[in-house]
Each structure stands twice: as structure tokens, then as C-alpha cells.
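Please open the structure in a viewer and keep the sequence at hand.

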Amino acid sequence: MPYPRTALLATTAALAAAVVAPAPTASASATASASAVPAGGAYYVQSVTTGLNAADDGGAVEQHRPRGDEDHQRWTLRASGSSYVLESADAAGRCLGRSGDLAATVACTGADAAWEIIEAGADRYRLKVPGAERHLTVGAKPAGAVHPERLTVGPAGDLATWYLTPVAPATRPMPPADRRTLDQVTFLTSHNAYANGVDGGFAPPFVNLVPNQTRGVDQQLTDGVRGFMMDIHQTPDGAILCHNSCTLVSRPVALRVDLQRIVDFLERHPDQFVTVFLEDYVDPAVLRDELARVDGLSDVLYRPDLAGVRENGWPRMADLTAAGDRLLLFTDHSRAADRSAGLTRDSFGVMYQREWTVENYWSMGPGIGTSDWSCYSRWYDANTTVPLTRTEANFRPLFVMNHFRDAGIASTAATDNAKLADRARRFCEPAARKKPNFLAVDHYDRGDPAAAVTALNTYVYP
């Protein structure tokens with residue numbers, strides 16, 4: 001099932017329009033100016049801080065993991081006199097409102113359902129109680145815990161800032177090949193690309209029976225895979241590709257071997273771009289020495305940290321290929337840990353992934369049975385809050401969308417991969433407010449995930 005390099009089409013995939021219009025006259029506090037309010041329609045009410053959505057949970061309004069149309073998270077915005085209401089898409093006549101200091105679903109005709117909608121920055125809003133300095137807000141994060149689930153009504157501030165994310169956003173056609181930028185393109189990505197049973201051993205004998213891929217890295221490149229997720233562990237032989245550990249692994253493959261395959265491919269195909277994601281358990285000096293053994297790596301390595309990406313945004317694909325900058329390396333390792341070791345990985349061209357990407361939680365569930373399509377940040381826990389919606393003034397992180405289970409069972413992957421485009425559009429795009437740049441799957445040759453990549457490459461998310 002080859003995935004042709006010419007599959008980045010430029011056709012329209014427009015969905016429902018999401019037009020911004022001036023708000024009707026409404027009462028406002030002395031400190032709030034007249035604001036632009038999105039047009040009426042279906043929205044997710046999404047915390048800027050956590051990236052999670054307001055959901056009706058039996059009358060309580062809580063923040064839940066974004067889950068498309070499966071969890072009472074869709075709200076219909078409409079004007080109501082001089083204010084606005086947000087009616088549940090699943091319960092006619094019930095609106096996102098308040099009961100005392102707690103968020104709740106209430107009758108849309110009652111005073112507790114009314115909100116003023118105040119601009120709070122680019123595409124950000126506050127939901128304010130008419131005539132009072134009280135706002136819909138996320139609860140403060142206790143020490144050593146995540147933010148409370150139940151939403152409250154309290155003071156203005158960062159925790160009271162929201163996106164109104166369209167359920168079906170308007171899109172634009174993909175620009176022509178010479179104008180599209182890296183963050184506009186979606187790439188087919190193989191999860192645990194090295195765990196294929198073709199190139200060599202990757203796990204102890206029992207785990208070896210359930211590979212994540214069934215084709216070697218050379219064939220993956222030929223078939224159109226352009227993103228590679230690889231686990232590296234440290235042994236006396238250097239950085240070795242193994243799952244969990246290299247103990248009892250027969251014929252393991254060194255990282256340099258697979259990187260050499262990729263570099264050689266790029267030399268033969270000067271119009272192609274590849275990204276490698278390292279689940280990284282080696283010392284920085286070991287990784288540096290391993291990379292130094294890859295012939296031609298420096299000729300194709302792309303350094304966004306030296307190219308002004310944070311200040312100017314991602315470059316055009318045509319400019320990258322013209323400059324020969326066609327291999328991007330990421331590590332999931334900690335910069336802080338490397339600083340304490342005295343050598344940072346980006347000093348030799350390996351970017352820290354959390355600084356350049358966002359990524360959804362890696363598992364949809366066990367290898368068989370019902371899958372979980374909720375789409376939320378892999379980096380959201382008691383110690384870390386990196387929402388999928390993270391963005392900066394001139395920089396949008398690349399979005400890595402994981403779409404696989406705990407175990408890479410081929411029949412399950414085939415079924416899941418056939419649903420990839422649907423999950424990307426209905427669940428993960430609104431969750432991240434951006435289009436996935438990397439669709440990571442098990443058994444990329446099953447279920448035609450390349451068709452999803454082709455479909456996503458026909459449009460640009462607003």
C-alpha cells in the first residue's frame with residue numbers, strides 16, 4: 001500500500017462557517033470594553049489553561065477530557081436579550097449556567113443561564129455574570145494535584161479564560177506545494193517503527209510476537225512513512241533500539257543503523273522530509289556519539305532552534321528542501337536533567353519535544369475491545385500542565401496525534417486505522433485547535449491510514 005509523495009492535494013474541505021461578528025449591545029463592567037462575540041452555533045467551551053472542555057455531568061458542569069460528541073460537551077451559543085446563553089446540544093432547554101458559586105446546567109430561561117461574553121485576548125473570552133464581577137472559572141490547582149473537575153464562578157484571571165472552539169470549524173484549502181509551511185502538513189508516522197520483526201530483535205521473545213509494525217524501516221520509507229517513533233536504551237554498545245529494555249533481546253538494532261537508512265533515503269530523494277521521535281533513555285554524550293557515526297547526518301539535519309522558528313513561525317516546505325534541511329530529530333528527555341549532566345541534546349541538534357510540539361495521550365486502551373477516543377494532552381498531570389491548545393505569539397507547536405493501543409495487535413490496528421480521519425477531525429482537531437501534523441499508528445499497512453493523511457492534506461485548519 002504505497003503512499004505516494006504527490007498525495008498532498010490542494011482541494012477544499014470546508015466545513016461549517018465560524019464567522020466572527022460584533023456583539024450586540026450588552027451591559028458590561030467598567031473595566032470591560034465592547035467585545036466581538038463568535039456567531040451563534042455549536043461550540044466547545046475549552047479552558048485556555050488546561051485545554052479541557054466544559055461538560056454536563058448530571059447537572060454539574062465539570063471539565064472533562066475532550067471527547068467530541070460523546071460526553072455532553074457541545075454547547076449552542078445564541079443571543080438572549082442583551083446577554084448570551086449556551087444551550088446543551090444534548091438536553092434541550094438546559095444551558096451552561098450557575099448554581100451559587102458552582103457551574104451547573106440550568107433552565108435556559110432563568111437568570112442564572114445568562115452570560116456576558118468579554119474578549120480576553122486573541123480568540124479568548126471570559127464568561128461573565130451580568131452586572132457582577134463573577135466569571136466561569138477552573139478551580140485553582142492544589143499542590144500535588146490536577147485542577148478540580150467541577151467548574152466554579154469566581155474572579156477574573158487566567159483560570160477564567162476560555163476558547164469557544166467551533167464544533168465544525170471553517171477550513172481553508174491547502175496552499176500550493178511551494179507555499180505550504182511545515183505546520184500545515186500532515187505526515188504518516190509509524191509508532192515503534194523499529195519494532196517490526198524484520199530489521200532485527202526489539203524485545204524479549206514473548207513480546208517479539210506482537211510487533212508494532214510488520215515492515216522494515218526501508219520499506220516504511222518507500223511506502224510513504226515520514227515520521228518514526230523509536231525507543232533507545234543505553235548498553236555497552238551505545239544507543240540501541242529496544243522496547244522497555246534490551247535484556248534478552250536477540251539481534252537488536254543500533255539507532256545509528258536506522259538513522260543511516262533514513263539519511264540514505266533522503267540523499268536519494270531530495271524533495272522529502274522526515275521526523276524522528278526518540279523515547280530516550282540514554283546519556284546525552286552516548287546519543288551524541290551515536291549520531292556522529294551516521295554518515296551525512298549533518299548535511300540533512302534541520303535545526304529549528306537556529307532558524308528563528310519561535311520568532312517567525314515554521315518555514316515553507318519548499319525552503320526546507322531547497323536548503324537541504326530535511327531531517328528533524330526530537331527527544332522526550334528532560335532539558336533540566338541534561339543541564340545537570342552538563343550537556344544538552346539540542347547542542348548537537350536534537351530538539352526537546354515538549355518545547356516544539358504538543359502530543360495527545362498515547363493509548364486508546366487495551367489491544368482488544370472498545371477504544372477511548374478522548375483526545376487530551378500527554379503532558380497533563382499533577383506536576384505538568386501543557387494543554388494541546390498551547391500556542392505562543394508567533395509560534396504554533398506541531399501536533400503529534402497518537403492513534404494506537406497498549407498492544408499492537410494487527411487486526412485491532414486495521415480497524416482503528418480505518419477510523420483515523422474521523423477521530424482526527426471530530427475529536428482531536430477541536431481538542432488541539434489545530435490539525436495533526438503527525439498521525440502515529442501501529443501497523444501502518446493495515447486499514448489505510450495513508451488515506452487519512454491524504455484527506456488531512458487537502459485543507460488547513462483555521
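Begin by selecting Asp 445, which counts as buried at 15% relative accessibility; buried means under 20% relative accessible area, exposed over 50%, and partly exposed in between, with a 1.4 Å probe and protein chains only. This is a predicted model, in which local features need pLDDT of at least 70 and side-chain atom pairs count only at pLDDT 80 or more, while totals for chains, interfaces and linings use all residues. Residues are numbered from 1 along each chain as its sequence is written, and side-chain values use heavy atoms, with hydrogens and water left out.

**Salt bridges**

A salt bridge here is a side-chain nitrogen of Lys or Arg within 4 Å of a carboxyl oxygen of Asp or Glu. Arg 446 is partly exposed, at 33% relative accessibility. In general, side chains of opposite charge can pair when their charged atoms come close.

How many salt bridges does the structure hold? The count is 27. Select next Arg 335 and Glu 355, whose closest N and O atoms are 2.6 Å apart in another salt bridge. Because Arg 335 belongs to helix H7 (residues 335-341) and Glu 355 to helix H8 (residues 353-356), this pair ties together parts that are 20 residues apart in sequence. Helices (H or I, at least four residues) and strands (E, at least two) are DSSP runs, numbered from the N terminus. Glu 355 is partly exposed, with 26% relative accessibility.

Then select Asp 338 and Arg 345, where a salt bridge spans 2.7 Å from N to O. Are these two residues, Asp 338 and Arg 345, buried or exposed? Both Asp 338 and Arg 345 are buried.

Move to helix H2, residues 255-268, which has 14 residues and reaches 20 Å from its first C-alpha to its last, close to the 20 Å expected at 1.5 Å a residue. That expected span is 1.5 Å times one less than the number of residues in the helix. Among the buried residues of H2 are Leu 255, Asp 258, Leu 259, Arg 261 and Ile 262. Asp 258 and Arg 261 are also linked with Asp 199 and Asp 218 in a network of salt bridges.

Select Leu 188 in strand S16, a residue that is buried with a relative accessible area of 1%. Beyond its neighbours up to four places away in sequence, Leu 188 touches residues including Gly 224, Val 225, Leu 439, Val 441 and Tyr 444. Ala 440, in strand S25 (residues 438-441), is buried with a relative accessible area of 0%. With neighbours within four places in sequence left aside, Ala 440 is in contact with Thr 189, Met 229, Met 401, Asn 402, His 403 and Phe 404.

**The loop between S16 and H1**

Where is Asn 192 found? Asn 192 is in the loop between S16 and H1 and is buried, at 3% relative accessibility. Asn 212, Gln 213, Met 229, Asp 231 and His 243 are touched by Asn 192, residues up to four places away in sequence not being counted.

Leu 209 lies in the loop between strand S16 (187-190) and helix H1 (217-222), but is exposed, with a relative accessible area of 66%.

**Two loop residues with positive phi**

Finish with Asp 123, in the loop between strand S10 (116-119) and strand S11 (125-128). Asp 123 has a positive phi of about 65° although it is not a glycine, and is partly exposed at 38% relative accessibility. Asn 244, in the loop between strand S18 (238-241) and strand S19 (253-254), has a positive phi near 70° and is exposed at 61% relative accessibility.

Key: Contact = heavy atoms within 4.5 Å.
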